[in-house]
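The tour below moves from one selection to the next.

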Amino acid sequence: MDLLWTQKLSQFAYRHNNESPLITIQNLDLEEAMADLKDPSVFLRVLNGERINPPPIWIMRQAGRYLPEYRELRTRAKSFLDFCYSPALATEAVLQPLRRFPLDAAILFSDILVVPDALGRKVWFVEGEGPRLEPLTQEAGWMFDDPQKAIQRLSPVYETAERIRGQISKDIALIGFAGGPWTVATYMLQGCGGDKDEARRAAYVRYQDVDHLLNVLVETTAQHLAAQVKAGADCLQIFESWAEGLSLPLFERLILKPSTALVSRLRALGVTVPIIGFPRGAGAHIGRYARETGITALGVDTQTPAAFVREQAPANMPLQGNLDPQLLVAGGKFLEQGARHVVEAFRGGPHIFNLGHGITPQATPENVAELVRIVKGAA
Ligand code: CP3
């Protein structure tokens, strides 16, 4: 019996024992028992090390502006952060792609930048340009609110997770997420997206400040992710979207060390669910990230070949990825060839089909529908 089933069985027994210690077996609600023991989602089975053909599929940023109904919903909140902190709107955003496509997982609707917002930094989004923060590099002293207090401010996010878990079926897994410590730090240091030169410079010239910032982010992010699991998330993904462009010493200090601390802090907080690490742009460092951080599964970006990752990652580590998001704009035979190539390339081990980075607003819902059809028919 695999680990996940054992966990389910013991959770089930635990729940029922608590309710009526002596009559557990006779009073089992058989239907509930079967529902609990029936295939856990194929997505969670792959995260547990099974190879499943065709592979389960979800799409990074599957809720968002490529969907007309999302654009309509988005007009109901003044700002993007207000939208994220409205459980009713955020829950609806999560359900929208699930109504259109038979996806195997849902991802909580929120943003990686709610963490700096909760830590008391000013965060806002400029239409058509992206996020803005007051850059830390221009400030003499860095002050952050207490992680515990920050987490209290994020309670609407946990309420959203609870609502979603109550509204989607058990065979669809709910993914909680946060940004990796360095990725969130780059936005806080630099104040916007784009190149990360100032953030990297600060890592040298304000060595101690940056290390302190990373420590604050590790603790706050661990608490934030643990709260999502408590609210119903079945698995977690850490978006380390800015793992690129780092020398080996910086990769060790800014990515490996904080990511390892984050995963072990999560485990210390009692979090047992699988953790997907997505170190976009890690390149030659990807094997060390896979082997050393303690993650369960590895998200692979578009540029990294499946065979290279299989060689570098621990044997049988589940891999997720890595279709070029532009193929959901291009469509047609390009999409079909690209999708088949990804399925074939990852066939040698546990694989979750996904993009190599988030879907873009220019993608079409028709192309997403076509992709899901291609992948589901790919056994
Ligand atoms: O279905 C989902 O995945 C939605 C949940 C989600 C969002 N952001 C919503 C969002 C997730 C998982 C994220 C992660 C995120 N946010 C990352 C990591 C993934 C990646 O793409 O690398 C990063 C770096 C951010 C920070 C961020 N938020 C940026 C750079 C931007 C602007 C760029 C853009 O795509 O517009 C955002 C805004 C944002 N986050 C939007 C959405 C749907 C668009 C804003 C809007 O709808 O008004």
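This is a predicted model: local features need pLDDT of at least 70, side-chain atom pairs count only at pLDDT 80 or more; totals for chains, interfaces and linings use all residues.

E69 belongs to helix α4, residues 68-74.

The side chains of E69 and R100 meet in a salt bridge, with 2.7 Å from N to O. R100 lies in helix α6, residues 87-100, and the two partners are 31 residues apart, so the pair links distant parts of the chain. R100 is also partly exposed, at a relative accessible area of 37%.

Now move to helix α14, residues 286-292, and select R288 and E292. How far apart are the closest N and O atoms of R288 and E292? They are 2.7 Å apart, in a salt bridge. Both residues lie within helix α14, separated by 4 residues, or about one turn of the helix. R288 is partly exposed at 25% relative accessibility, and E292 is partly exposed at 36%.

Salt bridges link E252, R288 and E292 in a network.

For the last stop, select E344 and R347. A salt bridge joins E344 to R347, and their closest N and O atoms are 2.8 Å apart. E344 has a relative accessible area of 48%, which makes E344 partly exposed; R347, at 31%, is partly exposed as well.

To close, consider the total: the model has a count of 20 salt bridges, including the pair E344 and R347.

Note on methods:
Residues are numbered from 1 along each chain as its sequence is written. Side-chain values use heavy atoms; hydrogens and water are left out. A salt bridge is a side-chain nitrogen of Lys or Arg within 4 Å of a carboxyl oxygen of Asp or Glu. Helices (H or I, at least four residues) and strands (E, at least two) are DSSP runs, numbered from the N terminus. Buried means under 20% relative accessible area, exposed over 50%, partly exposed in between (1.4 Å probe, protein chains only).
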